[in-house]
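The points are grouped by topic below.

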Amino acid sequence: MAQVEKRGGLLRKSSASKKPLKEKVVLMYDEIFMTEDPSKCSPRFWEELFLMKVNLEYLEGKLESLDGEELMKIKDNINCLFQHCIQALGEEHPIRVVNALQTLCALIRGVHQKNKSTSGFDIINMLMGFDKAELCMKNLMESLDSLLCAEGSESLKSLCLKLLLCLVTVTDNISQNTILEYVMINSIFEAILQILSHPPSRREHGYDAVVLLALLVNYRKYESVNPYIVKLSIVDDEATLNGMGLVIAQALSEYNRQYKDKEEEHQSGFFSALTNMVGSMFIADAHEKISVQTNEAILLALYEAVHLNRNFITVLAQSHPEMGLVTTPVSPAPTTPVTPLGTTPPSSDVISSVELPLDADVQTSNLLITFLKYSSIVMQDTKDEHRLHSGKLCLIILTCIAEDQYANAFLHDDNMNFRVNLHRMPMRHRKKAADKNLPCRPLVCAVLALINLLKFLMSNETVLLAKHNIFTLALMIVNLFNMFITYGDTFLPTPSSYDELYYEIIRMHQSFDNLYSMVLRLSTNAGQWKEAASKVTHALVNIRAIINHFNPKIESYAAVNHISQLSEEQVLEVVRANYDTLTLKLQDGLDQYERYSEQHKEAAFFKELVRSISTNVRRNLAFHTLSQEVLLKEFSTIS
């Protein structure tokens, strides 16, 4: 008997003497693409169609192959197919539901491909017809909501979320996707929250649910009242918020783990050994960049949660075992094309591995620490445009966190100390510090690396000044020090903390001296930065007063006591003994700042970011992610 191959919807016999046979489902699709109603000759046509295994590739390809005029001729049949898909979602037999969901995915994507240059209204008309669109979408959203909230198949829930992501990302600019008006009216917000609050569902679907929510929040957010924004801003259920935080933390941890694995592989490899042997004699850049695809979709979700919901701030400090230290076998992920902005979810093994009891031998972490580690990795290489966008979003998130009163309370809490391993670009003169050698300190120590930031500004003055006004940032940094100098005795935890502030300023006096020299030089020239540099010059008056007051006294103490190098405690002794003769100027307005405003400052950035994420999510919804094989294993028989 001749062997049968399956290829592109055709059943092809090995003998070349006969024409290839088409699958029955393909023949049924061909009938839909005729102008006649397929159910006229076959009354059970639609009932039989949803028992057939969907051929996504053929159906979507057939839709894409037709021109606009040909598509309009079969509009009634497309409308009919769409409506019967929705009806099938209410069927008892799960195989019918699976096939209906996959057919809807193919229909939405296929019709979109033909309507790229036209408005969303054309897509609505082609899929449902204007007159039936409202009822169709109401029934569709109610069915999806029921499937997501039911206790049934997890695979069905997964497919529902894939369909919703397909629907949301059908246009690059989601605000131009008019179909989403019906998703706004018929909300699935509560279904998303239920997934996030229920651990088994969260492990299976948390990533897709969080990304879906982040995208829905960004639909016409500046033009109209978005109900998803309103509802997200008032969520106060602890289980839901913690669930969202866990999903985000797991995705960021997976990124950090992949980076660490690549870093260790790089350090132990032949290239690293060769570098150690021959140095830089023949190799210009001994440390090649370690690249891991960034995840802007999950960062956007974190941003929206932090920006919109004050209750979510408490989730940032929720302790859990450090995910990167919990080792579990991770199955290889399917190969996906490299896309502009990463949205690939972490494996389910990683997602489930974190929900473990706390262990005394395991380093404690939280979402903020995980996020800070992620940020430190992303910001190592901002020459890449996508990493630059990711780095900017990280800084915006930090801004929102820093403006929150509760966040500031736990950032500065002396009783909440953590070991935060911030990654730095490897250099030949700077060895990587061992994780175990890092001190446990309040989290603010990881957020504010102020003097290092000043050093960076000064060492890159020429490059940065060509593009940016670096004096605005320098003034903010200096005024933070001024805030502590002027009012620190009222809010620092102990008097010795104030002494240590002075010690650090004196110890790092060279950095402040260099900054003063730079701003003085530019403020005395008639260039474009004269006024901005002058503001920094005036702001440095108290820092310079401290340095100029204490340095001579420290040198005198060393000379009198014949000590070549003073200890920290000896310097502090000099500081405490000479406060009375120090004169400082009172500076006003140190506690005033311009609050972050997305719409006024960053609207264009977020519109472009969401467009990129939408494009990438759509690309990652490849055929293999909609495969029926796993689904059919759950439903091997029809009752």
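Asp-404 is buried, at a relative accessible area of 7%, yet its salt-bridge partner Arg-310 is exposed, at 58%. In this predicted model, the closest N and O atoms of the two residues are 3.2 Å apart. Arg-310 lies in the loop between α16 (296-308) and β4 (320-321), and Asp-404 in the loop between α19 (385-402) and α20 (405-411), so the pair ties together parts that are 94 residues apart in sequence.

**Other salt bridges**
- The count of salt bridges in the model comes to 25.
- Arg-576 and Glu-569 meet through their side chains at 3.2 Å, N to O; Arg-576 is partly exposed at 38% relative accessible area, and Glu-569 is partly exposed at 49%.
- A salt bridge of 4.0 Å (N to O) joins Lys-40 to Glu-36, and Lys-40 counts as exposed at 61% relative accessibility.
- A network of salt bridges links Arg-44, Glu-47, Glu-91 and Arg-96.

**Helix α27**
- Within α27 (residues 530-539), the buried residues are Ala-532, Ala-533, Val-536, Thr-537 and Ala-539.
- Viewed down the helix axis, these buried residues fall within an arc of 165°, so they line one face of α27.
- Their packing partners are α24 (470-491), α26 (509-523) and α28 (541-560).
- Glu-531 and His-538 are exposed on the face of α27 turned away from its buried side.

**Nonpolar surface patch**
- Tyr-487, Phe-491 and Leu-586 form a nonpolar patch on the surface, with about 320 Å² of accessible area together.
- Phe-491 belongs to helix α24 and counts as partly exposed, at 42% relative accessibility.

Terms used. Residues are numbered from 1 along each chain as its sequence is written. This is a predicted model: local features need pLDDT of at least 70, side-chain atom pairs count only at pLDDT 80 or more; totals for chains, interfaces and linings use all residues. Side-chain values use heavy atoms; hydrogens and water are left out. Buried means under 20% relative accessible area, exposed over 50%, partly exposed in between (1.4 Å probe, protein chains only). Helices (H or I, at least four residues) and strands (E, at least two) are DSSP runs, numbered from the N terminus. The arc is that of the directions from the helix axis to the C-beta atoms. Contact means heavy atoms within 4.5 Å. Patches are made of residues with over 30% relative accessible area and no salt bridge: like charges are joined within 9 Å, nonpolar side chains (Val, Leu, Ile, Met, Phe, Trp, Tyr) within 5 Å. Accessible areas come from the Shrake-Rupley method with a 1.4 Å probe; for residues, only the protein chains shown count as cover.
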